[in-house]
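Please keep the sequence and the model in view while reading.

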Amino acid sequence: MTLLGHPDEDRPPEPDDASPASRANLLNHRNAERYRRAVTDGVEQVAQRLSQVTQPATGVSVPELTTEFTEIDLDRPLHDPSSALDELERVYLRDAVYFHHPRYLAHLNCPIVIPALLGEAVLSAVNSSLDTWDQSVGGTLIERRLIEWTARRIGLGPAADGVFTSGGTQSNLQALLLARDEACAAVRRESPSVPRSCDILPRLRVLTSECAHFSVAKSAALLGLGYEAVLSVPCDEEKRMRTPALAAELDRCRGEGLIPMAVVATAGTTDFGSIDPLDEIADVCERAGVWLHADAAYGCGLLVSRRRRLLAGIERADSVTVDFHKSFFQPVSSSAVLVRDRETLRHATYHADYLNPASSAENLIPNQVDKSIQTTRRFDALKLWLTLRVMGADAVGELFDAVVDRTAEAWSLLDADPRFEVVTRPQLSTLVFRYLPSAEASPELCDRVNLHARQSLFDSGAAVVAGTTVAGRNYLKFTLLNPETSLRDISDVLDMIAEHAGMAELEELSRSRVS
Ligand SMILES: *Cc1c(COP(=O)(O)O)cnc(C)c1O
């Protein structure tokens, strides 16, 4: 059967005689061939595009790309997948930011492994929804095995459980929801008169480091606690939570009649890749009787790496966030929240008569919706399943280790380069640094030239880097997640940055001398 490239086969498929044309677009037993053809053509187009990518971005501007959309009328379909793909080439594929390119060094986006992509193709075609057994069957068991596997890698113990989520943000939200409701339950147990939730909630506090992900604060707001409920614990020079400061803050809360409902430790901060001292924090939480949530959205790749010891103490957490779509080389989305005690997941349970009646739980029918804050839910677990079944966990760990090794080398490069200043020595795979202008430059000029360098680099499309601030000043950031990024790539990008920043600096200095 020829699928591609023959001119006579490029015609749009004829609608089936027995059914209106619109039905030709439904995936079913009759249209299996159309499905095969449309998807194969699409894959072919993407594969061709990938083979032509020579830079991570094109630097297309918003106005430029916006004009490509003006002729598109969403109420006038093209009736033909190949025309739609041609259009897509212009509005999306041509100028997309390609994370697999070795000079894409910006955010926590990884190149993805092919077995996972195969999983993505299968799961979207079968389109199982993992809320109930009667919508997923084997899918539910696959997800459960992966949760078990992950919990065992973490070391959470025999009562562990969890569920796949849409991402670290949702995982953190769910973990804090469980922690909140556990804290409320504890208050009720200890109070002679049963207090109302509205009396407890304003007293709840979440403690996390100043380098924690913003989704912790957002979760507190969503959970009815307000942003102010999150107390920020200072970090040491290595950007790790200071445990004595945490202990002091917990004491202060208790002294003021507040209820610390959770400590969030980060295993791989988004900016610095720093890992909070998990064991020490677990000691403090144990003594204080506070829920410990470990946000390993980024650092979870260590679970399969030869650096597993960097996560020592994570096995003592009450809940853990892992983002497979960050350090397991999985396509977006693939994430999970794990808990030490499966009983705590009851706070996410709601029995709906039409979907998961209480009787189904009694009959031991496994309905994943009982554990999730989502209802209809993608079978994202399949991607990790095929990854483990095809490549194995060690192979994933090797990829992540290569990235961490490369980052350590890149740090040495930066540290020895007088043009730059680098903030911390990395534990994982980020580097926060800045270009240093000449001694006479003001801190504001330093900020501006670094911002300028980042933007110019993006505009050129030659490389993509991120930015952040440290103590109110602008810095640049590399996030390395591509084992194909060489030290040469890194030194080339540093040269480009120095060139863009140096030009901006010269321009500013000469302008200030003139005026
Ligand atoms: C990325 C990240 C998150 C958020 O995860 P998403 O998958 O983007 O929702 C949470 N915590 C940390 C530490 C992260 O790096």
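## Cysteines and disulfides

A disulfide is here a pair of cysteine sulfur atoms within 2.5 Å. In general terms, a disulfide is a covalent bond between the sulfur atoms of two cysteines. The structure is a predicted model, in which local features need pLDDT of at least 70 and side-chain atom pairs count only at pLDDT 80 or more, while totals for chains, interfaces and linings use all residues. Residues are numbered from 1 along each chain as its sequence is written, and side-chain values use heavy atoms, with hydrogens and water left out.

How many disulfides does a search of the whole structure find? The search gives 0. C235 takes part in no disulfide, and the nearest cysteine sulfur, that of C211, lies 3.6 Å away. C235 has 9% relative accessibility and therefore counts as buried (buried means under 20% relative accessible area, exposed over 50%, and partly exposed in between, with a 1.4 Å probe and protein chains only). For C446, the closest cysteine sulfur is that of C211, at 20 Å, which is too far for a bond. C446 also counts as buried, because its relative accessibility is 6%.

## Helix α1

Helices and strands are DSSP runs numbered from the N terminus: helices are H or I with at least four residues, and strands are E with at least two. Helix α1 covers residues 32-52, which makes 21 residues. From its first C-alpha to its last it reaches 30 Å, close to the 30 Å expected at 1.5 Å a residue; the expected span is 1.5 Å times one less than the number of residues.

Which residues of α1 are buried? They are R34, R37, D41, G42, Q45 and R49. These residues lie on the same side of α1 because they cover an arc of only 125° around the axis, the arc being that of the directions from the helix axis to the C-beta atoms. The face turned away from this buried side carries the exposed residues V43 and S51. Helix α3 (81-93) is included in what covers the buried residues of α1.

## Strand β11 and its partners

Strand β11 spans residues 464-470 and is mostly covered, with 5 of its 7 residues buried. Two strands pair if DSSP finds at least two bridges between them. Strand β1 (residues 104-105) runs parallel to β11 and is joined to it by 2 bridges; here Y104 stands opposite V464.

Strand β12 (residues 473-479) runs antiparallel to β11, and 5 bridges join the two.

## Backbone details in loops

The loop between α12 (324-327) and β8 (335-339) contains S333. A cis peptide bond joins V332 and S333, with omega about -5°. F329 is found in the loop between α12 and β8 as well. Its phi is near 60°, a positive value in a residue other than glycine.

H79 likewise is a residue other than glycine with a positive phi, near 60°. This residue lies in the loop between α2 (62-67) and α3. Are F329 and H79 buried or exposed? F329 counts as buried because its relative accessibility is 1%, whereas H79, at 67%, counts as exposed.

Definitions and conventions: Contact = heavy atoms within 4.5 Å.
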